[in-house]
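Hi there,

Here is the structure I promised to pass on. Have a look at it first, and then read on for what I found.

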Amino acid sequence: MSELRKFLFDGLPVRGAVVRLTDAWQEVLRRRASNTTAGAYPVPVQSLLGEMTAAAVLMQSGIQFDGALVLQIFGDGPLKLAVVEVQSDLRVRATASLTGPVESGALLAELIDQNGQGRCAITLDPARKQPGQQPYQGVVALSDGEGQSFGRMAEVLQHYMRHSEQLDTVLVLAADAQVAAGLLIQRLPVKGEANLAGQGSEGEDTEQADTQGHNEDFNRIAHLASTLKREELLTLDIDTVLRRLFWEEGVLTFAPLTGESGPRFACTCSRERVAQMIRGLGVAEAESILSERENIEVGCEFCGQQYRFDAVDAAQIFAPPGSLPPGSQSVQ
Ligand SMILES: [Zn+2]
């Protein structure tokens, strides 16, 4: 079963988390494979999306925030877009869309950054928005300052965390057809810094944290973390990973988050939301579709659910409030 484990290093300004998605990740892949139009992901896209999914769970687990963390990449190449959404209660969904064939063994640059146009966006979308409130969003290139493309998602996110959020971070990510897994090690933020984890972080005692990148304890633990091989991450259980890497450190682990309190596949789509989208298209566009076919059909990219609206449903969507005959139900 999918599991997330958070941990701290006793007395040190360093925290970590390990995630191992099994059933949740397999469900993402199963739903895609059963989509007869799009079909299963090519292996390089499967790996990339799995790594992004593990990373998004790890990032969501490190912040205290009520809403969705959305991690997405878009750019130029056969992969057009990959999106992962993790709610604060760890419900997960993910999808990717392709525009052309993918070479086996293709890395990030070949997939989505062929001309340096690729971008990674991290968005915090609050569950309850204040009027006029914009979601928090950070956007970075998929290459470093010198224009050198990053080979892997972990490098993009480490770079983002260090440079945009001032959080020293080590990430190890790996995914195959069965497992999407990741390890995150992060130096606790210095008080008052404005960043993803700057508010309400678990670290109370951050006085001892010194200048970014110059913390001996963090550097030692970061080095240990970076020795973790992707193969180990895919095959070993969480306890074994932590024991192998940090047996000389005082690791304090929190209770495992699994089952209904752990990372799990769930889609937030609904008939009401699709109705709202159709309302957004406008009555003319909806009527034009219905003049050519019986239903307006909308499929959810994340879970494969098909929503159908016939002419009667559409009339309800565009009916002014209060104009419906008694006993009929408005599609809101
Ligand atoms: Zn859905």
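Let me start with a term: a residue is called buried if 20 or more other C-beta atoms lie within 10 Å of its own, exposed if 12 or fewer do, and partly exposed in between, with C-beta atoms placed from the backbone. By that rule, alanine 175 is buried because it has 25 C-beta neighbours inside 10 Å.

Two notes on the source. Residue numbers start from 1 along each chain, following the sequence as written. The model is predicted, so local features need pLDDT of at least 70 and side-chain atom pairs count only at pLDDT 80 or more, while totals for chains, interfaces and linings use all residues.

Back to alanine 175, which sits in strand β8 (residues 169-175). Strands here are DSSP runs of E with at least two residues, helices are runs of H or I with at least four, and both are numbered from the N terminus. Setting aside neighbours within four places in sequence, alanine 175 is in contact with Gln46, Ser47, Gly50, Glu51, Ala54 and Ala180 (contact means C-beta atoms, placed from the backbone, within 7 Å). Alanine 175 and glutamate 231 are 56 residues apart in sequence, with 9.3 Å between their C-alpha atoms.

Now the whole chain. It has 10 helices and 14 strands, and 37% of its 332 residues are buried. Among contacts with a separation of 6 or more, 64% are between residues 24 or more positions apart.

Beyond residues up to four places away in sequence, methionine 52 touches Leu71, Ala82, Val84, Ala94 and Met153.

Which residues of helix α1 (residues 23-33) are buried? They are Ala24, Trp25, Val28, Leu29 and Arg32. These lie on the same side of α1, because they cover an arc of only 140° around the axis (the arc is taken over the directions from the helix axis to the C-beta atoms). Their cover includes β2 (14-21), α2, β5 (91-98), β9 (180-187) and β12 (264-265).

On to the strands, where pairing requires at least two DSSP bridges. An open sheet of 6 strands has the order β7-β6-β3-β4-β5-β12, with mixed pairing. β7 (136-141) and β12 stand at its edges with a single partner strand each, so one side of each has no neighbour in the sheet. Strand β4 (residues 79-87) runs antiparallel to β5, joined by 7 bridges; valine 84 has alanine 94 as its bridge partner in β5.

Elsewhere, β13 (residues 296-299) and β14 (residues 306-309) are antiparallel and joined by 4 bridges. They form a hairpin with 6 residues between them, and glycine 304 in the turn has a positive phi of about 85°.

Finally, helices α8 (residues 271-281) and α10 (residues 311-318) pack at about 75° with axes 10 Å apart (axes are lines fitted to C-alpha atoms, for helices over the stretch in contact, and angles run from 0 to 180 degrees between N-to-C directions). Ala275, Ile278 and Arg279 of α8 meet Ala314, Ile317 and Phe318 of α10 there.

Best wishes

How values were computed: Two residues are in contact if their C-beta atoms, placed from the backbone, lie within 7 Å.
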